[in-house]
Amino acid sequence: MLYLTSDKFVVFIPFGVIGFYRYLWYLIRLFASFAYRPVPLPENPTYVASEDVTIIVPTIDAGEEFKEAAHSWLVGKPKEILIITEEKMKGPLQELADSVDPERIRVLTVPYANKRLQMSHGIKNTTTDIIVFADDDAIWPPTLLPYVLACFEDQKVGGVGTSQRVQSVGSTMTVWEVLAAFRLTIRNIEISSSTHIDGGVCCLSGRTAAYRTIILKDPEFLHGFTHDFWLGKYQLNSGDDKFLTRWMVSHGWTTYIQCCKEAEILSTMKPNWRFLKQVLRWTRNTWRSDIRSLFTERYIWTSHPYVAYTMVDKLFNPFTLLVGPVLVAVVVYKSTKPIDDGGYHLPWWNVILCYLAWLTATRTLKLMPHLWYQPKHVIHVPAFILFGYYFAIMKIYAALTLHETGWGTRAGIGDPAAATAAANINPSNEKLQADASKYTDSPARSPNPYQSASEVAYVQ
């Protein structure tokens, strides 16, 4: 490829600048990820799962995979598990819960299938100091709860996330599941590096994340969580984990990621083309949340400047990724013209082969943290390259369709407006405030010193 520079160097400057920029920052993330360390277990823990943890699982269609997940949660000995579903699904889910542990698993219902409404209902029925949200198919290692609770020894920490891996639905992973596994490996590097660099993270993934109950019991939070609108008129149902993460930042709480095998969850992904619909929903949520973080709320700039940088980088990433094929197309076109007319001396097929070889080599190196443990997945590197360009175009499409707030992969998700109406008939804010007040009695649960004046007034 460098031999092409004998024709006209200037055409390759964009290649060099973009390539140097992208791989320099990738190396920075990689080194920061290597330097990262999880919070160790305390000798005398303040929080014990059997007394201080409630697991909340919003679901509408949990199946047999729920049993495996629930058994893995119960190994950690939480005080209680709350399954929140819509009224018509209570019977089947009650049978499922009873088959696992009828004493520690309760099934509660809401009028409509709406994840945020279900989560808020679970919050209002929680009596422990720590809430852990989990997907109905998230499988935990036995040590997850102790390692998550270790982070809350720091009284400034309001939320804790974990690293993730893909659990295959069948006996072997489909190409879609491998693509998801590639993405999770890269994400694990990103969240561990950002946690090490400035203590922040773009999102505490909703597959499994823990929070202090006192934060979520706040009537202001519950109202905002269930009355979240994009542009003031498009009500949001998904994106709950993005909202929770932004709330931690805007209200002065810190977060932490336990990125280690002891706290690494297994989660299933769509094993077919519907994975692309999942990615589209996640991408829209990321656009909406990052725009709010950077330009509306703006707390991220001072709290976590490195995370703010990564958000800005994501805004331009699809365009910089697509510059490569465009420049290659220009070079290929010039290679078809005679040299006397300003064309290049190498044939067009040579240019394309060089570009494909470069893509394969660099993407394979980028995926080495995954391929080191799963070398057989190297055959899916070409699919990852194609997916990268598809994803760049999808990101642009998602940015142009942020008004689309549907779930995309699940039928039966209720209208957010109906969910809001249901939320409005819940107990008054005064009752919620009284319910939350008990969490301020203990000195170990003192108000966050970084809270805003309005929060301090609420706690007092």
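A salt bridge here is a side-chain nitrogen of Lys or Arg within 4 Å of a carboxyl oxygen of Asp or Glu. This is a predicted model, where local features need pLDDT of at least 70, side-chain atom pairs count only at pLDDT 80 or more, and totals for chains, interfaces and linings use all residues. Residues are numbered from 1 along each chain as its sequence is written, and side-chain values use heavy atoms, with hydrogens and water left out. Searching the whole structure turns up eleven salt bridges.

- Arg246 and Glu297 join their side chains in a salt bridge, 3.2 Å from N to O.
- Arg246 sits in helix 10 (residues 240-250) and Glu297 in helix 11 (residues 275-297), so this pair ties together parts 51 residues apart in sequence. Helices (H or I, at least four residues) and strands (E, at least two) are DSSP runs, numbered from the N terminus.
- Arg246 is buried at 9% relative accessible area, while Glu297 is partly exposed at 30%. Buried means under 20%, exposed over 50%, and partly exposed in between (1.4 Å probe, protein chains only).
- Glu80 and Arg106 also pair up in a salt bridge, at 2.5 Å from N to O. That pair links distant parts of the chain, with Glu80 in strand 2 (residues 80-86) and Arg106 in strand 3 (residues 105-110), 26 residues apart.
- Glu80 is buried at 15% relative accessibility, and Arg106 is partly exposed at 33%.

**Other salt bridges**

- Lys67 meets Glu64 in a salt bridge of 3.5 Å, N to O. Lys67 is partly exposed, at 26%, and Glu64 is exposed, at 55%.

- A pocket is found on a 1 Å grid over the protein atoms alone, as an open set of points where a 1.4 Å probe fits, with protein on both sides within 12 Å along at least five of seven lines; lining residues have an atom within 4 Å of a point.
- The second largest pocket has a volume of about 860 Å³, counted as the space filled by probe spheres set on the points, which are joined across faces, edges and corners.
- Its lining has 27 residues, with Asn188, Lys261, Glu264, Pro369 and Tyr373 nearest the centre.
- Helix 7 gives the most to that lining, with six residues.
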